[in-house]
Amino acid sequence: MNVNVGQADKTVRTVVGALAGVAALATLAGTAPLPALAAPVLGVGALMLLVTAYTGFCGLYSVLGVDTCPADAR
């Protein structure tokens with residue numbers, strides 16, 4: 001696995017993943033006015049974003065040929 005996620009991309013993924021995780025937990029707790037189906041969707045999305053931010057590898061980026069990581073940071 002080659003690193004294809006840059007630092008700015010990692011930061012955005014971490015923030016959005018954390019917010020999605022909080023929204024999923026709030027939906028499960030009944031404090032967010034979202035349908036019940038939103039909790040697992042948000043939870044899976046949050047996990048995917050946080051894992052790709054941690055590992056620095058995004059499978060979709062690999063398929064699409066996108067690379068946000070500068071060459072000198074690898």
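Val-66 belongs to the segment that comes after helix 3 (59–64), where helices (H or I, at least four residues) and strands (E, at least two) are DSSP runs numbered from the N terminus. This is a predicted model, in which local features need pLDDT of at least 70 and side-chain atom pairs count only at pLDDT 80 or more, while totals for chains, interfaces and linings use all residues. Residues are numbered from 1 along each chain as its sequence is written, and side-chain values use heavy atoms, with hydrogens and water left out.

Val-66 counts as partly exposed because its relative accessibility is 33%, given that buried means under 20% relative accessible area, exposed over 50%, and partly exposed in between (1.4 Å probe, protein chains only).

## Overall fold and dimensions

The protein has three helices and zero strands, and its pattern along the sequence reads α-α-α. Its C-alpha atoms fill a box of roughly 45 × 20 × 15 Å, taken along the principal axes.

The radius of gyration of the protein is 14 Å, whereas a compact globule of 74 residues would have one near 11 Å; the value is taken over C-alpha atoms, and the globule rule is 2.2 Å times the number of residues to the power 0.38.

## Burial and contacts

Of the 74 residues of the protein, 27% count as buried. Among contacts (heavy atoms within 4.5 Å) between residues at least 6 apart in sequence, 75% join residues at least 24 apart.
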